[in-house]
Amino acid sequence: MRVVLLGAPGAGKGTQCKRMVDKYNVQHLSSGDILRTERAEGTELGAQAQDYMDSGRLVPDDLIVKMMAGAVAKAPESGYILDGFPRTVNQAEELDKSLASDGRMIDVVVNLQIDDSIIMERMTGRRSCPKCGAIYHVKNLKPKVEGKCDNDGEELMQRPDDKPEVVKKRLETYHEQTEPVVGYYKQHACVLEVDASVAADEVGAKLVDMLDALVGC
Ligand code: AMP
């Protein structure tokens, strides 16, 4: 199964992808995670992406399309979930072209819907441990000792792109450049709309019901 998961930053795409990976035996391909790995490894692509990422802007399409075409080509036959890609109509068109050249297509697109105000609260309150990667939230998922990781006592950090001014910019970028991708897919693929403002387990259960119904068709 080849799935595209759409939704604003902070809609919970990563969380939902994790549960779908085991259930449907697909690989999670997150453009944001791949870019963060490139940065951590100090590659040329990572350096080129850095300023765009830290200011909430999109990395240029040509860099992203090349990077994700490579990831898709290496994905297993059982399929993948694309998370954070495509983020522009141009990226979606390029993805479709590259899949069509192998006689393939996206099977289903899932759009996670959520209000900006909920996203602002979720993202700006998020903290993470630089050592083990554990995620916390200043209101909803507090560590035992304020500002310290429960696992290793490390000082918790806020990702540069979770700062309020950057989240605001990322949401603007989303509405301008990524929301039109939903319209694009409505003309070219099967799109499932899911309410992502409720608890993650509820979103996941709904998503699985919808995908099961589709797979069973
Ligand atoms: P994410 O973790 O998916 O929110 O991505 C973090 C940042 O990486 C974004 O704010 C962008 O700067 C960049 N990025 C990730 N995916 C893409 C994409 N498909 N196109 C352009 N930039 C991207």
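Helix 2 and helix 3 (44-54) each put at least two residues into the shell around the ligand, and helix 2, with four residues, gives the largest share. Helices here are DSSP runs of H or I with at least four residues, strands are E runs of at least two, and both are numbered from the N terminus. Before going further, note that this is a predicted model: local features need pLDDT of at least 70, side-chain atom pairs count only at pLDDT 80 or more, and totals for chains, interfaces and linings use all residues. Residues are numbered from 1 along each chain as its sequence is written, and side-chain values use heavy atoms, with hydrogens and water left out.

Back to the ligand. There are 17 residues around it, and Ser-31, Arg-36, Arg-57, Gly-84 and Arg-170 come nearest; a residue is near if one of its heavy atoms lies within 4 Å. Sorted by class, the shell has seven nonpolar, four polar and six charged residues. In that scheme Ala, Val, Leu, Ile, Met, Phe, Trp, Tyr, Cys and Pro are nonpolar, Asp, Glu, Lys and Arg are charged, and the others, Gly among them, are polar.

Here are some polar contacts, meaning pairs of N or O atoms within 3.5 Å:

| Residue | Protein atom | Ligand atom | Distance |
|---|---|---|---|
| Ser-31 | side-chain N or O | nitrogen | 2.7 Å |
| Gly-84 | backbone N or O | nitrogen | 2.9 Å |
| Gln-91 | side-chain N or O | nitrogen | 2.9 Å |

The protein covers 95% of the 480 Å² of accessible area that the ligand has on its own, by the Shrake-Rupley method with a 1.4 Å probe.

Five strands form an open sheet in the order 2-3-1-4-7, with parallel pairing; two strands pair if DSSP finds at least two bridges between them. Strand 2 (27-30) and strand 7 (191-195) are at the edges with a single partner strand each, so one side of each has no neighbour in the sheet. From one strand to the next, the twist averages 20°. Strand 4 (residues 108-113) pairs with strand 7 in the parallel sense over five bridges, and Val-110 stands opposite Leu-192 in strand 7.

Helix 1 (residues 13-24) lies across strand 1 (2-7), strand 2, strand 3 (80-83) and strand 4, at about 160° to strand 1. Helix 2 (residues 31-40) packs on the sheet as well, touching strand 2 and strand 3, and its direction makes about 70° with that of strand 2. Contact means heavy atoms within 4.5 Å; axes are lines fitted to C-alpha atoms (for helices, over the stretch in contact), and angles run from 0 to 180 degrees between N-to-C directions.

Two backbone details remain. Phe-85 and Pro-86 are joined by a cis peptide bond with omega about 0°, and Pro-86 is in the loop between strand 3 and helix 5 (89-100).  Asn-25, in the loop between helix 1 and strand 2, has a positive phi of about 55° although it is not a glycine.

Key
A polar contact is a pair of N or O atoms within 3.5 Å; within protein, one must be able to donate a hydrogen and the other to accept it, and residues adjacent in sequence count only if both atoms are side-chain atoms.
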